Amino acid sequence: MKGKQRILVVDDEQSMREFLAIMLSREGYRVESASDGERACELLDTNVYDLILSDIRMPNLDGLSLLARVKEQGTDTTVIMMTAFSTTEQAVEAMKQGAFDYLTKPFKNDEIRLVIRNALQHRHLRKENTRLRQVLDRRYGFDQLIGKSSVMTQLYRLIEKVAASAVNVLITGESGTGKELVARSIHFNSSRREGAFVAVNCGAIPENLLESELFGHEKGAFTGAVNTKPGLFETAEGGTLFFDEVGELPQPMQVKLLRALQEKQIRRVGGTFDIDTDVRIVAATNITLEEAVNRGEFRNDLYYRLNVIHLQLPALRERIEDIPLLVQSFCEKLAPQRHVTLSTELMQNLLDYSWPGNVRELENVIERCLILEEGDVLTVSGLPPQFGESFSRRHLTFQLPEDGLNLESYMESIEREILQQALDRCQGVRKRAAELLQVSFRSLRYRLDKLGL
């Protein structure tokens, strides 16, 4: 690692330049030197350095002026200043202007080694943080929300506006539609992007542990609480707290969450004082919270606290024109070294399928095809069994019996089957079933009453 790190030593004393060059070279660094700030600037025009070790007082161009030039260039070169004078006022001024640290002459060799090692490690961590931030930007940027359908285009515009605000957001949609991806996109494109994004699945944590997970606990608060533990609210301070499947929250926790949102304060389990919080809430659910409110299963006041902005994610069957784009994205993600295409028959099957598992199911199907087929062209042979059953149902032809039939009774049976399938797919939620069948809620209720469903 050191062999790749370049250090520029800038000092008007030749003996000091030679001493530092020899010592740092023995440490494994690549070292160059300059007699003053002007010569250092000439070297900076054609070279990139990881670190500059510069004296403050030099003829022609002093260390502070050199520091200013480095900052003007916008490079991430780290600068450490040296001073031979007992006063540290100029050194402190250099720190204010962006120097990493300063050394007072005469200094010990171990001190130089330690300060340089810390400075280069800090630079490495800073670069790594920038790289990870760029990865997150690419992974959770708006361009990762794939689709060109009109419904997705409208959704992009709304998400972009929501990300720029600080309000709480409620994301709804069927399982597998990408609710967490949207939540992360909102966070990483907001002013809170430097803070943490903390996700909690409300249905996955036992009720007796949920309060401790969210709000933390003090040492001795309960059996097993051997240490004080901050909760997820504190972990997400300055960032975003994502409540996945918020409809699964037990009612006692709904009350405590409501208080936290209203007061912007939490209290650890076993604690005696409140802790201020600065957290943006994004919640998601695949159930209709309005109906849960009407049934008394979800608090009305909490619902309105969460539902400042509502984002409804479309099911994949409502945007089938996006399937080719999604397929291409999954192929590039799952098999970047392979240049695969899909047979016409396979693509038609994907377009005709109802996708109860939405985008997540589509990704799983593409991954299955990539694993089972080694060629460059994916075919229907890699599809899971449910596709054959679905294909058979879709292509079932009707044959009129020789003696005819009761058309009204036959059409009623078909309507009953369609309504029942819609209710099953929507877990009995009639409002969602009406949306699925593209009829009004009143029309659906009339049809269900008529057929005794």
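Trp355 lies in the loop between helix H14 (344-352) and helix H15 (358-372), where helices (H or I, at least four residues) and strands (E, at least two) are DSSP runs, numbered from the N terminus. The structure is a predicted model, in which local features need pLDDT of at least 70 and side-chain atom pairs count only at pLDDT 80 or more, while totals for chains, interfaces and linings use all residues. Residues are numbered from 1 along each chain as its sequence is written, and side-chain values use heavy atoms, with hydrogens and water left out.

**Backbone features in loops**

Most residues other than glycine have a negative phi, and most peptide bonds are trans. Trp355, however, has a positive phi near 55°, and with 0% relative accessibility this residue counts as buried. Buried means under 20% relative accessible area, exposed over 50%, and partly exposed in between (1.4 Å probe, protein chains only). Asn60 is likewise not a glycine and has a positive phi of about 70°; Asn60 sits in the loop between strand S3 (51-55) and H3 and is exposed, with a relative accessible area of 59%. The peptide bond from Lys105 to Pro106 is cis, with omega near -5°, and Pro106 belongs to the loop between strand S5 (101-104) and helix H5 (109-140).

**Strand S1 and its partner**

In strand S1 (residues 6-10), 5 of the 5 residues are buried, so the strand is largely enclosed by the rest of the structure. Both of its faces are covered, with Arg6, Leu8 and Val10 on one side and Ile7 and Val9 on the other. S1 pairs with strand S2 (residues 30-34) in the parallel sense over 5 bridges, two strands being paired if DSSP finds at least two bridges between them. Within this pair, Val9 stands opposite Ser33 in S2.

**The open sheet and the helices on it**

An open sheet is formed by 5 strands in the order S7-S10-S13-S6-S14, with parallel pairing. Its edge strands are S7 and strand S14 (309-312), each of which pairs on one side only, and the twist averages 20° from one strand to the next. S10 is joined to strand S13 (residues 280-285) by 4 bridges, and the two run parallel; here Phe242 stands opposite Val282 in S13. Helix H7 (residues 179-188) packs on the sheet, touching S6, S7, S10, S13 and S14, and its direction makes about 155° with that of S6. Helix H6 (residues 150-163) lies across strand S6 (169-172), S13 and S14, running at about 150° to S14. Contact in these descriptions means heavy atoms within 4.5 Å.

**Two helix pairs**

Two packed helices are described by the angle between their axes and the distance between the axes. Axes are lines fitted to C-alpha atoms, for helices over the stretch in contact, and angles run from 0 to 180 degrees between N-to-C directions.

| Helix pair | Axes come within | Crossing angle |
|---|---|---|
| H2 (residues 37-46) and H3 (residues 63-73) | 10 Å | roughly 20° |
| H8 and H10 | 10 Å | roughly 10° |

H8 is therefore roughly parallel to H10, since angles under 35 degrees count as roughly parallel, over 145 as roughly antiparallel, 65 to 115 as roughly perpendicular and the rest as oblique. In this pair, Glu207, Leu210, Glu211, Leu214 and Phe215 in H8 meet Pro252, Met253, Lys256, Leu257 and Ala260 in H10. By class, the contact of H8 with H10 has 7 nonpolar, no polar and 3 charged residues, where Ala, Val, Leu, Ile, Met, Phe, Trp, Tyr, Cys and Pro count as nonpolar, Asp, Glu, Lys and Arg as charged, and the others, Gly among them, as polar.

The buried residues of helix H8 (residues 207-215) are Leu210, Ser212, Leu214 and Phe215, and they pack against strand S7 (197-201), strand S8 (216-217), helix H9 (232-235), strand S10 (240-244), helix H10 (251-263) and strand S11 (265-266). Just after H8, Gly216 takes a positive phi of about 85°.

For the other pair, the crossing of H2 and H3 is right-handed, a crossing being right-handed if the near helix is turned clockwise from the far one by less than a right angle, and left-handed if anticlockwise. Gly37, Ala40, Cys41, Leu44 and Asp45 of H2 make the contact with Leu66, Arg69, Val70 and Gln73 of H3, and these residues divide into 5 nonpolar, 2 polar and 2 charged. Helix H3 also holds Ala68, which counts as partly exposed at 30% relative accessibility.
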